[in-house]
Amino acid sequence: MAYSEADTKEKLITPKLKESGWSEFHLTREHGFKYFFTDGRKLPANKRGKRYSVDYLLSYKNVNLGIVEAKAEDKDPLEGLQQAIGYAEKLKVDFIYATNGHKIYEHSLLTGSGQFIESYPAPAELFARKFGNVAKSIEKFITYPFHIEGTMKPRFYQQIAVQKSVEAIANQQSRILLTLATGTGKTYIAFQIVYRLFQAQWNRDGTTRRPRILFLADRNILADQAFNTFNPIEKDIIRLNGKEIRSRGGKVPTNANVFFAIYQAVAENKNRHKDIAAEDEEADITAYYKQYPANFFDLIIIDECHRGSANDQSSWREILNYFGSAVHLGLTATPKRDDNGDTYAYFGAPIYEYSLKDGINDGFLTPYKVKKVQTNIDEYQFDPDDIIQGDLPSQIVKLEQFERAVIIPKRTELIAKTILKNISPMDKTIIFCVNQQHALDMRIAIDKFKTIKDNNYCVRITSDEGEIGKDLLELFQDNDRDMPVILTSSKMLTTGVDARNVRNIVLTAPIKSMTEFKQIIGRGTRVFEGKDFFTIIDFVGATKLFYDDRWDDEPVDTTTTTTVAPVDDNEPNEVNQPEDNSPTDTSGSQAGNNTDAGGIIGDPPIHELKPKVVIEIKNKKLRVINIETSYVGEDGRPLSTKDYLELLIDILGEYYQDGDGLREIWSNPLNRKNLLEQLRSRHIDETQLNDLKQVFDAENSDIYDLLAHLSFNLEIKTRHQRAESAGQSEFVRNHANPIAQQLIRFILNRYESDGFTELADNKLSILVNLSGLGTVRDVAVNFGGIPQLQKEYFELQREIYR
């Protein structure tokens with residue numbers, strides 16, 4: 001009898017690997033079984049999709065060199081070769097071994113070909129085939145282990161980014177670029193690179209000293225976060241800022257190995273705005289960096305390098321030019337596009353990319369859906385009955401002019417009400433506004449319509465808030481705290497804010513840059529327990545403008561539903577009207593100059609100080625006319641509404657053939673639970689189905705009725721109709737006992753109010769307790785005992801769906 005795959009590995013493959021010198025130390029597997037290198041895409045109900053794994057990952061001297069794809073003894077060894085090639089490409093290893101324990105096929109990604117071999121190459125041989133004959137000093141450099149602290153170790157893509165960077169530095173590459181999506185741990189990658197450089201005592205002059213490294217960011221919050229990430233080498237790091245320099249009598253520190261600075265603090269820029277000086281704690285505009293010899297630093301790491309711009313006149317280009325002998329390593333979250341081409345021209349092609357799509361599919365980032373909102377005031381046309389303060393620039397006001405040139409307070413209120421209607425009250429939410437005044441107006445509008453009375457439920461965080469805003473931001477990021485729930489801002493949260501439990505990103509300001517768009521979306525991608533997805537609520541059409549399928553895997557087609565949310569003309573208007581000289585943003589025009597006094601970040605520049613026009617709408621009811629909700633297919637790809645419905649109908653047909661079949665499944669809580677779990681595994685969940693109910697004007701109906709209508713065109717009934725019908729049935733009349741009658745009607749009322757979730761198989765004891773009729777044992781007496789009570793609970797559900 002042939003060995004199974006597990007026995008083949010244990011009895012045939014592992015012994016042969018060990019014969020060739022591959023000890024258990026070199027064979028990376030979990031629990032001696034497989035090496036899992038992804039977490040699996042996040043699915044609804046806290047479930048996960050398939051995790052990618054290989055049977056063996058071959059490592060030698062802390063470098064991953066190859067994988068082994070195992071098949072059962074009686075299988076063709078080449079059966080899994082194509083899949084293994086895909087995994088090897090993902091893991092960036094060069095050699096694949098496909099085997100059934102007897103035959104071994106070696107495939108090289110370097111040559112694109114393979115052959116059958118008698119035995120596995122020894123570890124040293126495979127290492128030499130990858131690196132050649134390397135000097136001992138270089139070998140130490142490229143093979144030093146990662147820093148492992150407790151259970152935290154680099155993910156597979158982080159290992160690749162670090163290893164490729166170290167190899168690039170070893171090969172004397174002077175400009176290096178890493179492109180990884182927001183939330184994938186670029187700063188942690190930078191730390192691991194520096195740690196290995198430290199331990200190998202690498203430097204540019206070839207001596208045995210530890211390297212000197214400058215970590216440049218464009219915002220204090222980013223520099224602070226990086227400083228904290230480097231805590232394992234805390235004795236060797238220092239902040240380079242005005243306070244530190246003043247404490248040394250105006251001299252820059254030299255007694256450290258890693259220096260953290262925002263480039264505004266060290267760059268020569270006599271036109272810097274005063275807020276930047278305050279950001280750097282009243283730093284002087286002296287060119288601090290020129291106090292260092294030009295060859296002082298061995299490596300300069302530029303965080304979010306796309307923000308400072310790499311053009312010849314940019315803020316950090318002059319620093320890089322001065323320290324031209326150092327290796328320059330750029331970190332960015334955005335792929336090459338028109339608005340960041342200078343960055344790629346300076347650094348060249350990235351040595352490694354890991355996209356938002358990769359992170360979502362691998363389960364390291366959170367998926368999202370999009371709600372695109374259209375209102376009947378996305379454009380304003382002059383109405384002589386409206387009260388207009390100021391000179392209207394034209395008869396028609398476009399979307400991009402709102403809040404900059406024209407303010408319509410009732411429009412802000414409409415957006416605020418729509419936001420509150422489309423989020424759960426306690427879901428962490430960030431609203432991106434046009435400018436600081438708009439952020440204030442939006443905060444006041446949210447306060448007007450919110451149902452949660454806490455004073456800090458919604459707060460504005462911009463440069464005007466200073467230290468108070470910084471403290472509120474820290475509270476928002478604290479996942480153990482409920483308040484604040486909603487933040488309004490403009491550019492403040494585009495980067496550097498690690499708020500893992502953000503459930504909604506709201507766009508109320510037009511976005512002109514794909515780079516900025518990706519940074520904003522990155523605020524929601526962090527993984528958090530119980531967070532299956534986050535939602536982008538788009539009032540300005542930004543998601544339509546910046547689709548980037550290769551990088552983002554963003555939804556492209558949607559289902560349209562109509563929601564009406566009029567603003568009552570008789571409601572008091574609490575939105576503050578800006579004066580002619582209302583505060584405007586004064587930070588610099590480049591992204592690199594958006595710093596503020598509070599150490600957070602500043603807001604977008606407004607160079608025109610003309611008085612804004614304020615319009616009070618008189619005769620028009622403002623309302624939302626469309627909300628388009630995206631849908632995702634089985635493979636995680638976006639689908640049009642038509643395609644989604646066709647897919648859904650086809651999938652449903654696999655589980656039942658007629659209305660009786662569906663009813664038999666749905667009326668039994670165990671069968672219903674099983675069906676929903678199987679649908680979730682295929683990317684169809686209750687959230688999507690509930691969204692779809694709106695299309696059929698069935699918000700007050702059961703998902704059962706939606707499925708029955710889609711599959712068999714049956715009439716959609718409301719939950720009220722079903723509860724009422726069941727309450728009048730012979731089944732209920734047969735229970736003459738008053739306690740039994742009361743419990744049945746209590747359950748029907750709960751169903752009518754909250755839906756089928758109240759009918760779950762494990763919900764009966766909870767319902768009995770909530771009914772106030774006594775304990776389960778007491779109530780069961782009125783049904784003939786606990787088993788009969790359970791049976792009647794199931795039978796009631798058959799009546800509901802009869």
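Hi everyone, let me start with the words we need: angles under 35 degrees count as roughly parallel, over 145 as roughly antiparallel, 65 to 115 as roughly perpendicular, and the rest as oblique. Helices are DSSP runs of H or I with at least four residues, strands are runs of E with at least two, and both are numbered from the N terminus.

What you have above is a predicted model, in which local features need pLDDT of at least 70 and side-chain atom pairs count only at pLDDT 80 or more, while totals for chains, interfaces and linings use all residues. Residues are numbered from 1 along each chain as its sequence is written, and side-chain values use heavy atoms, with hydrogens and water left out.

First, the overall picture. The chain has 31 helices and 31 strands. Of its 802 residues, 56% count as buried; buried means under 20% relative accessible area, exposed means over 50%, and partly exposed is in between, using a 1.4 Å probe and protein chains only. Contact, for us, means heavy atoms within 4.5 Å. Among contacts in the chain with a separation of 6 or more, 73% are between residues 24 or more positions apart.

Now to the helix pairs. Two packed helices are described by the angle between their axes and the distance between the axes. Here the axes are lines fitted to C-alpha atoms, for helices over the stretch in contact, and the angles run from 0 to 180 degrees between N-to-C directions.

How do helix 22 and helix 25 cross? Helix 22 covers residues 659-666, helix 25 covers residues 703-712, and their axes come within 10 Å and cross at roughly 160°. These two helices are therefore roughly antiparallel to each other. The crossing is right-handed; a crossing gets that name if the near helix is turned clockwise from the far one by less than a right angle, and left-handed if anticlockwise. On the helix 22 side we find Gly 659, Leu 662, Arg 663 and Trp 666, and they meet Ile 703, Tyr 704, Leu 707, Ala 708 and Phe 712 of helix 25. That contact divides into seven nonpolar residues, one polar and one charged. For this count, Ala, Val, Leu, Ile, Met, Phe, Trp, Tyr, Cys and Pro are nonpolar, Asp, Glu, Lys and Arg are charged, and the others, Gly among them, are polar.

Helix 25 also packs with helix 24 (residues 686-695), at an angle of about 70° and with the axes 10 Å apart. That makes helix 24 roughly perpendicular to helix 25. Glu 686, Leu 689, Asn 690, Leu 692 and Lys 693 of helix 24 meet Ile 703, Leu 706, Leu 707 and Leu 710 of helix 25.

Is Asn 713 buried or exposed? With a relative accessible area of 61%, Asn 713 is exposed.

Compare that with Glu 403, in the loop between strand 21 (396-397) and strand 22 (406-407). Phi of Glu 403 is near 75°, again positive in a residue other than glycine, but Glu 403 is buried, at a relative accessible area of 3%.

Next, the cores. A nonpolar core is a set of buried Ala, Val, Leu, Ile, Met, Phe, Trp, Tyr and Cys residues joined through side-chain atoms within 4.5 Å. Which residues touch the most other members of the largest one? In that core of 74 residues, the answer is Ile 67 and Phe 230. Beyond its neighbours within four places in sequence, Ile 67 is in contact with residues including Val 54, Leu 57, Tyr 87, Leu 91 and Phe 95. Apart from that core lies another, of 61 residues, with Phe 402 and Phe 449 among them.

Phe 402 brings us to Asp 378, which touches Val 373, Lys 398, Leu 399, Phe 402 and Phe 539, leaving out residues up to four places away in sequence. Asp 378 sits in the loop between strand 18 (368-375) and strand 19 (380-381), and counts as partly exposed at 21% relative accessibility.

One last stop: the peptide bond from Met 483 to Pro 484 is cis, with omega near -5°. You can find Pro 484 in the loop between helix 17 (466-477) and strand 25 (486-489).
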